[in-house]
Structure formats: structure tokens, C-alpha cells
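Please walk me through this protein model, step by step.

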Amino acid sequence: MTGDRERFRPADHPNDHFLLTTVVGSYPKPTWLNRARDLRDDDSSAFDDEAWDEAVDDASRLITGEHERAGLDVVCDGEMRREEMVEFFARRIGGYEFNGPVKVWGHNYFDKPSVVSEVTYDEPWLREEYEFTADVAERPVKVPITGPYTLASWSFDEAYGSDETLAYELADLVNEEIAGLVAAGARYIQIDEPALATTPDDHAVVGECLERIVTGLPDGVRIGLHVCYGDYSRIYPELNDYPIDEFDVELANGDYDQLDVFTGDDFEPDLGLGVVDVHTTDVESVTEIEANIREGLRVVPPENLTVSPDCGVKLLPREVARSKIENMVRAARNVENDLDSGAIDAGGRTT
């Protein structure tokens, strides 16, 4: 792919260097939106679909603005219209059905879907979300999509008899969805494949899924791949062959102990580096985040580095999430300034 990152540089960007700042996707929902969902799901409530749509629109408008006020270069609406990363899509894909929640850990349950017949693309999944966000946003909008490998791996398969075959069929549907998003104006798509972190030996399956996903897409569409924390050494350097513009990793949570995995060979895509830990409510200082950003410069030059949280921040208190993102943007701008002045070099070293 040939997604041009310079298109995402704001016109008023203060520095010559440009470290693209964005989020991975999810963001804490306002408390009132969760209450509105409870009312929507209460059969005795007069809270109807029209009221719910208004609530979701308001939340999307609010969080998109919160991202922009934090200074992010590329924003999203924090997935205000989504509840769970597999269930949301499975409810929109023909061939899926739900048979009740499955216990995953402790007292947490996941409404794990079943594939009971051939999967089909019956309706747009994210068009409404993207068009609304793009309309209210002043900055470019990124669209996160749960990838076909994860959709297949985290579902019961009662139709195909092969997770690999199911993943390829779902990849074709993801391609159809992205084509529609691109027609609507989207130019930055992120494929989320957290399942790859737990089954890294399937990196070739994910590679074939990505090839299917990008088939027929025009030049200039930026494709990112986000993979949660795992053993990256088992998918690198193979991921260099993926048809992606950006590989997004979760490394702040592990104190960058795996960063050397990517320094032995030439890292070909842009690096999307997690620089704040989404698993702790401690808000990293700007100085701490600057040091984390410099770790990324050991792998790629500044023009190929994207700065983001480790993963989605939806499980954090909203004030904590906002503070982490604000500090992250400040740190990125400070590192750019140091690069401009020569105070640090392109390898992150102080000069």
C-alpha cells in the first residue's frame, strides 16, 4: 500500500518534523451513555431507538471533540457505537447467530457468536459511524475494524470446519466493507488482530487475509495493522511482507523489552508505537513519554513513526485516558522540536 502520512499533517503543525499522533480506537464511554443503553435494553422503558440514536450521536460528537482538543492529528469517535469488538461485527454479518454468553475469566462473560452458515455481507458495518465522525471532525478520521482472523478465531465455527477457510471468507467481506468506506471518503483504516498475539504461528494466514483485504483498493489508502502484546519475534521479519503501511505494537506495557526484535532486520512498514500503558491508571509524565518515543526512533526514522497509546483505552477512567493522550501529544511535539533543533538525532540519542 502507499498511504501517504504527510496528508495527515495539520496545516498549522508547529515543527518541521512530524510524528503522527493518533489513538488505537476505543475510549471510555460517558457514564450517561451507559445509562442510556440500560434504558434502551429495558422493555419497560419509554426510551426508544430515536432517543438512543441521539444519545450515541451526542457521545460520538463529544469524544471526537475531546480527541481534537487533546491535539491528536488523526481522531476517531472512541467507538461510541460499539460494545464489543467481535460481537459488534458478528451482529452485522450474515451467517452468525448468538446462543448466550460464555465465561472468559473471573465474572466476565463474552457473548461469543457462532457461524452457522456461509458468511455474507448484508449491510454496511461502519459507514454510519465514519460519515458522522468525519462530518463533525476537523481532523482526519481513522477507522478501526476487527480483522477477519480474530473474527474467525473468537467465534464458534459450526459451518466451515476450518478457521483458516472462515478467516479468508471473512477477509473478503472486510474488503467489501473497506471499499465502501473508501468510497465514503475514508483514507486511514486500521485492522485489529489481537488473536494473532496468542497464535503467532498463524502469521501466514493473517498475511493472506491482508492480501484479500487490500485487493482492489486505490492508492493513497493507509492500512495499519494493530497486534496486541505477544511474542513478536514469531511474526517478525515475516510481517515485512504484509501489504500494510503501518504495524502498530503494544510495547509500553512491557517496558520495551521486545523492541530489539525489530532492530535486527530492516523494519519496512511505519512503526505505530504504543507510548502510554493502557493497563494502569498512572498517568505517565510528558518526560516519560518523550523517552518512550525515542525508543521508537531506534527502529524507524521520525518520518516513519506513529505515536499512540498501547491499545484501546476504554477500560480506563475517562479523565485518566484524556490526561494520558494529552501528555502523549505534548511529548510528541517536544520530541519533534528536539529533532528540529538537533538536540536529539534520528536514532533517539541526545546530541
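**A walk through the model**

Helices α6 and α7 pack with their axes 7 Å apart, at an angle of about 30°. That makes α6 roughly parallel to α7. Angles under 35 degrees count as roughly parallel, over 145 as roughly antiparallel, 65 to 115 as roughly perpendicular, and the rest as oblique. The axes are lines fitted to C-alpha atoms, for helices over the stretch in contact, and angles run from 0 to 180 degrees between N-to-C directions. Helices (H or I, at least four residues) and strands (E, at least two) are DSSP runs, numbered from the N terminus.

This is a predicted model: local features need pLDDT of at least 70, side-chain atom pairs count only at pLDDT 80 or more, and totals for chains, interfaces and linings use all residues. Residues are numbered from 1 along each chain as its sequence is written, and side-chain values use heavy atoms, with hydrogens and water left out.

Stay with α6 and α7. Their crossing is right-handed. A crossing is right-handed if the near helix is turned clockwise from the far one by less than a right angle, and left-handed if anticlockwise. Which residues of α6 and α7 make the contact? From α6 come E164, A167, Y168, A171, D172, V174, N175 and I178. From α7 come V205, E208, C209, R212, I213 and V214. Contact here means heavy atoms within 4.5 Å. An α-helix has 3.6 residues a turn, so residues three or four places apart point the same way.

Now turn to the core. The largest nonpolar core has 102 residues, and I189, F247, F262 and I293 touch the most other members. Helix α6 (residues 163–183) gives the largest share of this core, 10 residues. Apart from this core lies another, of five residues, among them F18, L20, V74 and Y188. A nonpolar core is a set of buried Ala, Val, Leu, Ile, Met, Phe, Trp, Tyr and Cys residues joined through side-chain atoms within 4.5 Å. Buried means under 20% relative accessible area, exposed over 50%, and partly exposed in between (1.4 Å probe, protein chains only).

Leaving aside neighbours within four places in sequence, F262 is in contact with Y232, Y236, L239, F247, V249, L251, F267 and V299. A cis peptide bond joins Y236 and P237, with omega about 15°. P237 sits in the loop between β9 (222–227) and β10 (246–249).

The next loop is worth a stop. D255 lies between β10 and β11 (270–274). Its phi is positive, about 55°, although D255 is not a glycine. Y256 is in the loop between β10 and β11 too. Phi of Y256 is near 60°, again positive in a residue other than glycine. Are D255 and Y256 buried or exposed? D255 is exposed, with a relative accessible area of 65%. Y256 counts as buried, at 9% relative accessibility.

Another loop runs between β8 (188–192) and α7 (203–214), and L196 is in it. L196 counts as buried because its relative accessibility is 1%. Not counting residues up to four places away in sequence, L196 touches Y149, D202, H203, V206, V227, I235 and Y242.

Move on to helix α2 (residues 49–70). Its 22 residues reach 31 Å from first C-alpha to last, close to the 32 Å expected at 1.5 Å a residue. The expected span is 1.5 Å times one less than the number of residues. Among the buried residues of α2 are W52, A55, V56 and A59. What covers the buried residues includes α1 (31–41), α4 (127–136) and α9 (318–341). The axes of α2 and α4 come within 10 Å and cross at roughly 50°. The two helices are therefore oblique to each other. D57, S60, R61 and T64 in α2 meet F132, T133 and V136 in α4. After α2 comes G71, whose phi is positive, near 100°.

End with α9. It has 24 residues and reaches 35 Å from first C-alpha to last, close to the 34 Å expected. The axes of helix α8 (residues 286–296) and α9 come within 8 Å and cross at roughly 60°. That makes α8 oblique to α9. Their crossing is right-handed. V286, I289, E290 and I293 in α8 meet residues of α9 including K324, N327 and M328. G342 follows α9, and its phi is positive, near 85°.
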